[in-house]
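Visitor: Hello! Could you walk me through this structure, step by step?

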Amino acid sequence: MSFETEIKNDIAVLTVTAGRLDANVAPDLKQAVSDIVDGGISRIMLDLKQVQFMDSSGLGAVISSFKLTGQKGEFVICNMNDAVQEILTLTHMDRLFQIYPNAEEGLQKMCA
Amino acid sequence: MNGTSALVVGDDAEARVALSRQLDNAGYKAMTANNGQQALDILERAEVTLVLCDWSMQDMSGSEFCSRLRSATINRYVYFIFLGSPADPPVQHALKAGADAFLTKPIKDEDLHIRLKSATRILELQHRMCARNDFLEYAYASVTSDLKIAAKVQEDLLPRQFRLAGLDTNWVFKPANFVAGDMFDYFPLADDYFVFYILDVEGHGIASALTSFAINNQLNPSTHGLCAKTVKSHPVIQEAVTATVDNLNLQFQGNLNSSRYFTMVYGIIEISTGKLSMTQAGHPAPVHLCKETGKAVFLGHGGMPVGLLDEATYDAVDCSLQVGDRLYLYSDGMIECENENGEFYGSERLLLRIQEWRDLPIEELGDLFDGEIARWNGSENFEDDVSMVILEYTGKR
């Protein structure tokens, strides 16, 4: 499994444990987010601290995840490296969701 | 197994005859050989799948014959039973030599039947496996041949290289898997426009290629195509380029579970003035090489991919081309191509190379970049589709 989920308050912290968020991992990410949302949690933090590289399929999965959390939900990302940040900037996806430098800061802001 | 050919090998003629009779009674078609070489000759000619061989033979030992048979290129499996006396080396030696079983002489009918049954099981299994393998090979060949035809169809859709009204052109196109999710085209439109685009559908392979075909079909150069329609309804080229991408974005919205989308650069050049306007929708930034200064720079500030969000809006990036200036469009498969050390080719390296090759004629650049990226990749098998379009503004001719 390429993910670990930890529930903190009403927030699911989903950590990608694969080094590459690509076509091999993308369907599993969508499934993992779908399972969390089906379980009744719609605030999700995606932790990318272990992800070195994300390709177009990985980006597609991230956007699908964002859509899955819906209008009432919340989808944030933390711990992006420069390469991932570059893709989100190029595609203007960094304007779509909140990005935090690390999980602690993100959780603090989300719980405030 | 009725009618299966069995070969009895051994020095002792009487024993051969006796065993042949036992095999005949069991429904086999028995043949005999009095030494290893003769047996190998028979095995080459006849469809024998069962061998019963004496462990001790004078000319060629049983174990040598067995290992020669195992290393011979025979298109079927041969079940091999050694026949020996209790004084002969133990079963393990026989199995090590490549045999499947060992029978102790004198051979009782009951023991022989048990061995033959086991041989039948193995041979039938082998036969079924071969048949399945043949089918898979046939299916694979048929799929591959279809894909080769599809690849040719896609290649035929690509624009011709070199001289067009107002621009010289060249390109590189290397699908990762026969057909690509990458696609590009360029063509003159109306009296004074030159339209160009490059797109990359998420993923690669057949599904991506089919989507790229569909988009390409929308953007065809005919008067009914989207390019002509938006130019007609938007006389300002900045508006025509954003309207085209807006339109595609709405048309290609997938459902919630689908994340198939594409990135693209879509642009128009006014041939008489060199005025360029383009939209960069999540696609790597095009490079503008200025003829006068020899400097190459990235154009654009990114933009949302197409088909991901229906509320996405697109901007136009403008630039003024002088005669001799070049524009490079390329897919992420180019800059994300990894060498054997896992290092990306990268946009900075690309920029330097574009500058370094600024004085070479555009006719040579397609092959040069093709070779460059193949060398970086280490082979012609790419992880992702690689494409590049090079345009050189020549002004009105």
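Visitor: Which side chains of chain A and chain B meet in a salt bridge?

Guide: Good place to start! This is a predicted model, where local features need pLDDT of at least 70, side-chain atom pairs count only at pLDDT 80 or more, and totals for chains, interfaces and linings use all residues. Residues are numbered from 1 along each chain as its sequence is written, chains are lettered from A and ligands numbered from 1 in the order in which they are written, and side-chain values use heavy atoms, with hydrogens and water left out. A salt bridge is a side-chain nitrogen of Lys or Arg within 4 Å of a carboxyl oxygen of Asp or Glu. With 3.1 Å from N to O, the partners are Arg20(A) and Glu338(B).

Visitor: How many residues does chain B bring to the contact with chain A?

Guide: Contact here means heavy atoms within 4.5 Å. Chain A gives 18 residues, and chain B gives 23.

Visitor: How far apart are the C-alpha centres of domain 1 and domain 2 of chain B?

Guide: The bounds come from an automatic or database domain assignment, which gives residues 5-131 as domain 1 and 158-393 as domain 2 of chain B. The distance between their C-alpha centres is 67 Å.

Visitor: How are the rings of Phe80(B) and Phe82(B) arranged?

Guide: Rings of Phe, Tyr and Trp (its six-membered ring) pair if their centres lie within 6.5 Å; planes under 30 degrees apart count as stacked, over 60 as edge-to-face and the rest as tilted. Over all chains, this rule finds 14 aromatic pairs. In Phe80(B) and Phe82(B) the centres are 4.9 Å apart and the planes at 70 degrees, so the pair is edge-to-face.
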